[in-house]
Amino acid sequence: MAKLTSEMKDLISQAFPFIATVDEDGNPQIGPKGTLRVMDDEHLIYNEETGRQAWHNLQENHKIAVAVHPYPGKIGLRVEGYATIYKDGPVFEAAHQYAVDNQLPDLIAAVVISVDRIVSLDAGPDAGTEIANEPVSD
């Protein structure tokens with residue numbers, strides 16, 4: 001599993017993230033996830049609130065990508081991984097508390113994303129290069 005550096009965590013907390021999934025026919029879907037946040041060095045988490053297309057897609061295919069890029073000229077990244085869905089238990093309860101604390105809609109589930117691969121979204125010759133797929137020290 002890849003590890004997020006402090007700089008990557010800061011970027012994720014400051015930029016508006018989008019997730020990408022694919023449906024059973026191979027059709028791509030992308031959409032914003034305002035509740036996406038860092039869980040720890042190797043996981044991201046978001047509250048699934050709508051139960052629509054991305055949720056539908058994750059029922060069949062747990063592969064997911066997250067893209068964050070604050071604005072042109074800055075560093076961006078894509079995190080690729082596997083989504084694990086929690087509908088109860090400690091992870092779900094923590095996500096529920098996050099919703100309560102931030103006055104957000106109640107959640108259907110907590111979705112935890114493993115950080116399996118990190119790819120650069122920077123413009124220029126390094127675009128699309130792998131940043132990490134193994135632990136990186138801060």
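A search of the whole structure, which is a predicted model, finds one aromatic pair, where rings of Phe, Tyr and Trp (its six-membered ring) are taken to pair if their centres lie within 6.5 Å, and where planes under 30 degrees apart count as stacked, over 60 as edge-to-face and the rest as tilted. The two rings are those of Phe 16 and Phe 18, and because their centres are 5.9 Å apart and their planes stand at 80°, the pair is edge-to-face. Phe 18 has a relative accessibility of 34% and therefore counts as partly exposed, on a scale in which buried means under 20% relative accessible area, exposed over 50%, and partly exposed in between (1.4 Å probe, protein chains only). Residues are numbered from 1 along each chain as its sequence is written. Because the model is predicted, local features need pLDDT of at least 70 and side-chain atom pairs count only at pLDDT 80 or more, while totals for chains, interfaces and linings use all residues, and side-chain values use heavy atoms, with hydrogens and water left out.

Helices (H or I, at least four residues) and strands (E, at least two) are here DSSP runs, numbered from the N terminus, and two strands are said to pair if DSSP finds at least two bridges between them. By this criterion β1 pairs with strand β2 (residues 28–32) in the antiparallel sense over five bridges, and the bridge partner of Ala 20 in β2 is Ile 30. The hairpin of β1 and β2 has five residues between the strands, and in this hairpin Gly 26 takes a positive phi near 85°. β1 also pairs with β5, again in the antiparallel sense, over three bridges, and here Ala 20 stands opposite Ala 65.

Strand β5 also contains Ala 67, which is partly exposed, with a relative accessible area of 26%. Apart from residues up to four places away in sequence, Ala 67 touches Phe 16, Pro 17, Phe 18, Leu 77, Arg 78 and Leu 121, contact being defined as heavy atoms within 4.5 Å. The list therefore includes Phe 16 and Phe 18, whose rings form the edge-to-face pair.

Arg 37 lies in strand β3 and, at 15% relative accessibility, counts as buried. Its contacts, leaving aside neighbours within four places in sequence, are with Leu 44, Ile 45, Tyr 46, Asn 47, Ala 95 and Tyr 98.Strand β3 (37–40) is joined to β4 (43–48) by three bridges, and the two strands run antiparallel. A hairpin connects β3 to β4 through two residues, and Val 38 has Leu 44 as its bridge partner in β4. Six bridges join β4 to strand β7 (residues 109–114), again in an antiparallel arrangement, with Val 111 of β7 as the bridge partner of Tyr 46. Five of the six residues of β4 are buried, so this strand is largely enclosed by the rest of the structure.

In helix α1 (residues 6–14), the buried residues are Met 8, Leu 11 and Ile 12. These residues lie on the same side of α1 because they cover an arc of only 100° around the axis, the arc being that of the directions from the helix axis to the C-beta atoms. On the other side of α1, Glu 7, Ser 13 and Gln 14 are exposed. The buried residues of the helix pack against several strands, among them β4, β5 and β6 (77–86).

The largest nonpolar core has 25 residues, and those with the most contacts inside it are Leu 44 and Ile 118; such a core is a set of buried Ala, Val, Leu, Ile, Met, Phe, Trp, Tyr and Cys residues joined through side-chain atoms within 4.5 Å. At least two residues of this core are supplied by each of α1, β4, α2 (53–60), β5, β6 and β7. A second, separate core of eight residues includes Phe 92, Ala 99, Leu 107 and Val 112.
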